[in-house]
Amino acid sequence: MRGFMAKKIYQVDEKVPSSMLLPLSIQHLFAMFGATVLVPFLFGINPAIVLLMNGIGTLLFIFITKGQAPAYLGSSFAFLAPGNAIIASFGYEYALGGFIAVGFCGCLLSFIIKKFGTDWISVVLPPAAMAPVVALIGLELAGSAASTAGLLGDSVSMVDVTVFLVTLAVAVIGSVCFRKFLAVIPILIAVIAGYVTALCFGAVDFSAFQNVGFFQMPNFTMPKFDINAVLMMLPVLLVIASEHIGHQIVTSQIVGRDLIKKPGLDKTLFADNFSTMISGFLGSVPTTTYGENIGVMALTGVYSVQVIAGAAIISIICAFIGPLSALIQTIPNAVIGGISFLLYGMIGVSGLRILIDEKVDFGNSMNMVLTSVVFVTGLSGITLTIGSVSLSGMILAALVAMGLSLLFFVFDKLGWINKEDAPEPENEFTVLADNIAAENARRDRESR
């Protein structure tokens, strides 16, 4: 534990030593890779264009936010359901038009936020509601990590289990026991250890190297627009806006800076959606800030934007260098699952940390109800379908949290809230009385 506590923190605007930049950047790339490449596979497109646009989108995000918000932009899962519906009815080009439309509306939303500010967030998402929403970002993905690792279902392979356990064990032990340089790259070391273990069992699929040239050009596709396809896609805006706010809140908790205020929610939301627009125009999938990379920051204490920019540049290079792209695609799912298992948990704990840092009083019935209902909504598996968009998990929980918080806010203004059960505010006399009572109780126990 002493090694963990002594870990050096690299803040957002700090530069890391040059010898550390490459491995730290590769670590971020590996963390996001499994999930971000899955989206183009599900859409049936070549992942090279996604690696390119994710890298470009991340660099655009850093530029627009002036390097004040650490975030890696990966492929968004929120667009999968409406995207596949549009592809089936119209074709992939029209899905790209829908991506662009949602990104454009997201940019408009950022201008509205710039105009009216962010004070409304404390009303619609007070700490008692915000904390479980943030925690759910990680907790609802726990099953996904286990599924990716091959631990669910009737035919669980002992090879997958072994590779998963080795990867997870190295990540856990490394994050607590490693020192100096090794202390900031436990994820990278865990990936290498898991990969070597998979090699020993012959569990690495090298088919990605077939017919791969050294230099490859990503497949660019021009978008097409149809009003029906756009209308099918627009409800996703509500999902990605909630997701973005949650990610910025949890990142703020991790880095110890209020990113909602500086660089500002308007800038981060604009950068995120502008990247989605550019991706759509060039044939790639929408982008979003990535929970896996937030987890890497929480685990390693490295928040440097320089490192994230390095990961973006490597991603762009991989899009054009066939063997590099193929090598990353050979990382076994059990390795990705082992890493995700820990990173998602770190995000969940970051949400619980809000309850502690904000000193949320659960003697207050409103706080108890907010946290309870939001957690149960997010973990219950309930799904609300609006058109072609399904809302569940953290997204549905965020909407419930906002609605319930606004309802309580109105009730409070109307004087309908029962405050009789709320504890009296502490003053120096009540604190002194509590201390005397505690001391008397201690002496009484000792005398027995």
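**Exercise: the largest cavity**

State which residues line the largest cavity, and then describe this lining by element and by class.

Solution. The lining consists of Pro-70, Ala-71, Tyr-72, His-247, Gln-248, Thr-251, Thr-289, Tyr-290, Asn-293, Ile-294, Met-297 and Ile-308. Two elements, α12 (236-255) and α14 (291-300), each give two or more residues to this lining. Sorted by class, the lining holds seven nonpolar residues, five polar ones and no charged ones. The volume of the largest cavity is about 50 Å³, and the count of cavities of 30 Å³ or more is three.

The terms are as follows. On a 1 Å grid over the protein atoms alone, a cavity is a set of points where a 1.4 Å probe fits but cannot get out; a pocket is an open set with protein on both sides within 12 Å along at least five of seven lines; lining residues have an atom within 4 Å of a point. Points are joined across faces, edges and corners, and a volume is the space filled by probe spheres set on them. Helices (H or I, at least four residues) and strands (E, at least two) are DSSP runs, numbered from the N terminus. Ala, Val, Leu, Ile, Met, Phe, Trp, Tyr, Cys and Pro count as nonpolar, Asp, Glu, Lys and Arg as charged, and the others, Gly among them, as polar.

This is a predicted model, in which local features need pLDDT of at least 70 and side-chain atom pairs count only at pLDDT 80 or more, while totals for chains, interfaces and linings use all residues. Residues are numbered from 1 along each chain as its sequence is written, and side-chain values use heavy atoms, with hydrogens and water left out.

**Exercise: the second largest cavity**

Find which element gives the largest share of the lining of the second largest cavity.

Solution. Start with the residues: Ile-240, Glu-243, His-244, Leu-269, Asp-272, Asn-273, Thr-276, Thr-287 and Thr-288 line this cavity. Next, assign them to elements: α12, α13 (260-282) and β2 (287-289) give two or more residues each. The largest share, four residues, comes from α13. By class there are two nonpolar, five polar and two charged residues in this lining. The space inside is about 40 Å³.

**Exercise: an open site**

State the volume of the second largest pocket and which residues lie nearest its centre.

Solution. The volume is about 370 Å³. Of the 16 lining residues, Met-130, Ile-249, Asp-258, Ile-260 and Glu-358 lie nearest the centre. At least two lining residues come from each of α6 (121-124), α7 (127-139), α12 and α13. The largest share, three residues, belongs to α12. The lining divides into eight nonpolar, four polar and four charged residues.

**Exercise: a loop residue**

Is Ile-417 buried or exposed, and which residues is Ile-417 in contact with, leaving aside neighbours within four places in sequence?

Solution. Ile-417 sits in the loop between α19 (393-414) and α20 (428-447). Its relative accessible area is 18%, so Ile-417 is buried. Here buried means under 20% relative accessible area, exposed over 50%, and partly exposed in between (1.4 Å probe, protein chains only). Contact means heavy atoms within 4.5 Å. With those neighbours left aside, Ile-417 is in contact with Met-366, Phe-408, Phe-411 and Asp-412. Ile-417 and Met-366 are 51 residues apart in sequence, and their C-alpha atoms are 8.6 Å apart.

**Exercise: cysteines**

How many disulfides does a search of the whole structure find?

Solution. A disulfide is a pair of cysteine sulfur atoms within 2.5 Å. The search finds zero. Take Cys-105: the closest cysteine sulfur, in Cys-107, is 9.2 Å from its own sulfur, which is too far for a bond. Cys-105 has 25% relative accessibility and therefore counts as partly exposed. Cys-318, with a relative accessible area of 3%, is buried.

**Exercise: backbone angles**

Which two residues are joined by a cis peptide bond, and where do Lys-66 and Lys-359 lie?

Solution. Most residues other than glycine have a negative phi, and most peptide bonds are trans. The cis bond joins Lys-262 and Pro-263, with omega about 15°, and Pro-263 is found in helix α13. Lys-66 has a positive phi near 55°; Lys-66 lies in the loop between α3 (47-64) and β1 (73-75). Lys-359 also has a positive phi, of about 50°, and lies in the loop between α17 (333-357) and α18 (365-379). Lys-66 counts as exposed at 65% relative accessibility, and Lys-359 counts as exposed at 73%.
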